[in-house]
There are 2 protein chains.
Amino acid sequence: MCQLLGMNCNVPTDICFSFAGFRARGGLTDHHRDGWGIAFFEGAGARVFLDPCASASSPVAELVRSYPIRSLNVIAHIRKATQGEVRLENTHPFQRELWGRYWIFAHNGNLTDYHPAPSDRFLPVGGTDSERAFCHILDTLARRFPDGPPPPAALHGALRELATLIGGHGEFNFLLSDGERLFAHCSSRLCYVVRKAPFPVAHLADEDVSVDFSEVTSPTDRVAIIVTTPLTDNETWRQIPPGTLLAFHDGEPEALGETATIAAPAAADPQRCA
Amino acid sequence: MCQLLGMNCNVPTDICFSFAGFRARGGLTDHHRDGWGIAFFEGAGARVFLDPCASASSPVAELVRSYPIRSLNVIAHIRKATQGEVRLENTHPFQRELWGRYWIFAHNGNLTDYHPAPSDRFLPVGGTDSERAFCHILDTLARRFPDGPPPPAALHGALRELATLIGGHGEFNFLLSDGERLFAHCSSRLCYVVRKAPFPVAHLADEDVSVDFSEVTSPTDRVAIIVTTPLTDNETWRQIPPGTLLAFHDGEPEALGETATIAAPAAADPQRCA
C-alpha cells in the first residue's frame, strides 16, 4: 500500500514540518520506497514534484522539505507499488485539467477487476489502477457537468457516488483537489487534525522534531492535515469513518458541519508552516 | 520576450551543463526574471519543475542544475512576461494529456488579436497567449485525429499548418513534445546544434564553464540542443530559418533529411550530459 498526506488551509501555509515526518516513511521509518510526489496549488496554478525513488533519500524531497512553498491545498503520496511498475508515469499524484482548473489525485489501496469504459477524453499514461480511477472520475464529472463546475454540494455528491462505485472494487482511500477544495475519501485508513488557535507544540512521530505553531501562525489561521496514519504523537487525530468523503475548505471539513470561523487578514505576516 | 531551451537525444542524457548556462539568463546574464520551468520526459512519464521567480536565484533551479535527470526530451523556458501576470499558472512549460501521452509546450514571442474558438476540452488555466495557443493546438489535433496519434509525417504536417496559422498573430517560436519527438518552430529566433562523435570540448557563453563531451558520452550518442540564442561560444550553431517547424528525433532533425546513425547499445554507461 501507500501513504497519503493532504493539507487544506484558510491562508497559504507551508508544509515543511509535516513533510519532514511524512518523507521519512519512504524508506526510513516505513518501507514505501517505490517513488513519491507532492503537488502544491498556488492561485490557479499547480506544481507537482515527482521522484520515482525513495523519498527518504530523494534530493527532490530534500528541496521540498527545506524550500517553504505556501499553498492552500497540498497533496503528497509515497508509493509502495501494487499495480504498475516503479516508473515516473506511475508515480502519484496525477494531474489533469478540467473546466480550466488543474485537478490533482493520489490513491492509497488496490482495485481489482476494475476496468471502467475507456474515456475518449482522459486517458491514463501509466499502468496503475489509480490513474484509471482518476481518469474515470474526471470523465464522469465532465459528462455530468458539461457547462463547467457545479455548486460544491453537487460536486461532492457526484464524487461520493463515484467513490462508492469505484470503492466496490477494493481499497480506495484517495485525496483529490481542484485547488478550491480538498476531497478526502476514506475506504479503510485516513485521519485528520485541524490546527487552529490555541495552537499546540506538535511533535513528529517519525522524527524527533517539534514546532510551536503559535510562533509561526496568526490567531485566525486554520490548517487541516489529512494523512494515512497520524504524523504527530501529541495531537488528537480524528479517524475518518470508512465510506466517508469529506470536503475540506478553509482548513476544516465542510461535511461535518463544524462552525466556520471567518478568517480576518493577519496583522503580521507570520511564517505559517504545518 | 522569453528564452527557450530544448534537448532531444537518442539515449537518455542529463541537461545539467546546458542548463547551467541557460539559467543564468534568468536574472544574471539577461533580464528574464518572471519565472522559469523545465520539463523532463522519462519513459511515458513527464515531470515539470516550475518556479515563478528568477531562475538565477531559484532553489528549484539549483536542484535541476545539480541533480542529473536523464531524459530523451527536455523543454525549458525562462519568462519575461508580456501577457499574463507573474504567477505560477502563467509559468511555462505547460502540460496536458492527449491520446494517453503527456504533451509539453513552451513559447517565446507575443501574439496579438489571437482569440481562437474556445475548446470544449482543453481550457487555459492562466491568462497567457501561450497557453491559449497550446490548448488550440491540442484541440485541433484531437479533432483531426480522434482515433489516436497519426503517423509522424501527418502530425508534423498538422502542426506546421497550426504554427503558420497562429504565427500570423505575431512572434511564435515554440517547443512542443509528446515524449517521442521534439517539435521546434522558429518564427524569428531559434538555433540548434547536434552533438555527436567526435565530441567537442564545449564552453558556455553565459558562464566560464567547459565540458569535454567525449569523456561523458559513448561514440554512438547523439544530442540535439535547441535554444533561442547559442549557449556555447565555441560550437557551430545552426539558425533555424524563420517559418520552419523541425521535428527532432533520436538527437537530430528529421525534416533536414540528415542520415540517421543507428544507435548501438553503449558498452559502458557513461554519465551522458549536455
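**A tour of chains A and B**

Begin in chain A by selecting A39(A), whose bridge partner in β4(A) is I75(A). This is a predicted model, in which local features need pLDDT of at least 70 and side-chain atom pairs count only at pLDDT 80 or more, while totals for chains, interfaces and linings use all residues. Residues are numbered from 1 along each chain as its sequence is written, chains are lettered from A and ligands numbered from 1 in the order in which they are written, and side-chain values use heavy atoms, with hydrogens and water left out.

Now widen the selection to strand β2 (residues 36-42) and strand β4 (residues 71-78) of chain A, which pair in the antiparallel sense over 5 bridges. Strands here are DSSP runs of E with at least two residues, helices are runs of H or I with at least four, and both are numbered from the N terminus; two strands pair if DSSP finds at least two bridges between them.

Next, show the open sheet of 7 strands in chain A, which has the order β3-β2-β4-β1-β12-β9-β13 with antiparallel pairing. At its edges stand β3 (45-51) and β13 (238-239) of chain A, each with a single partner strand, so one side of each is left without a neighbour in the sheet.

Move to chain B and select strand β1 (residues 3-13), where 10 of the 11 residues are buried, that is, under 20% relative accessible area with a 1.4 Å probe and protein chains only. β1(B) runs antiparallel to strand β4 (residues 71-78) of chain B, joined by 7 bridges, and L5(B) stands opposite A76(B) in β4(B). β1(B) is also joined by 5 bridges to strand β12 (residues 222-227) of chain B, again antiparallel, with N8(B) opposite A224(B) in β12(B).

Then select helix α1 (residues 16-23) and helix α2 (residues 59-66) of chain B, whose axes come within 8 Å and cross at roughly 150°. Axes are lines fitted to C-alpha atoms over the stretch in contact, and angles run from 0 to 180 degrees between N-to-C directions. Because angles over 145 degrees count as roughly antiparallel, α1(B) is roughly antiparallel to α2(B). C16(B), F19(B), A20(B) and R23(B) in α1(B) meet A61(B), E62(B), V64(B) and R65(B) in α2(B), where contact means heavy atoms within 4.5 Å.

Finally, display both chains: the contact takes 34 residues from chain B and 34 residues from chain A. The area buried between them is about 2600 Å², of which carbon and sulfur atoms give 58%; buried area is the accessible area (1.4 Å probe) that two parts lose on being put together, summed over both.

Technical notes:
Buried means under 20% relative accessible area, exposed over 50%, partly exposed in between (1.4 Å probe, protein chains only). Angles under 35 degrees count as roughly parallel, over 145 as roughly antiparallel, 65 to 115 as roughly perpendicular and the rest as oblique.
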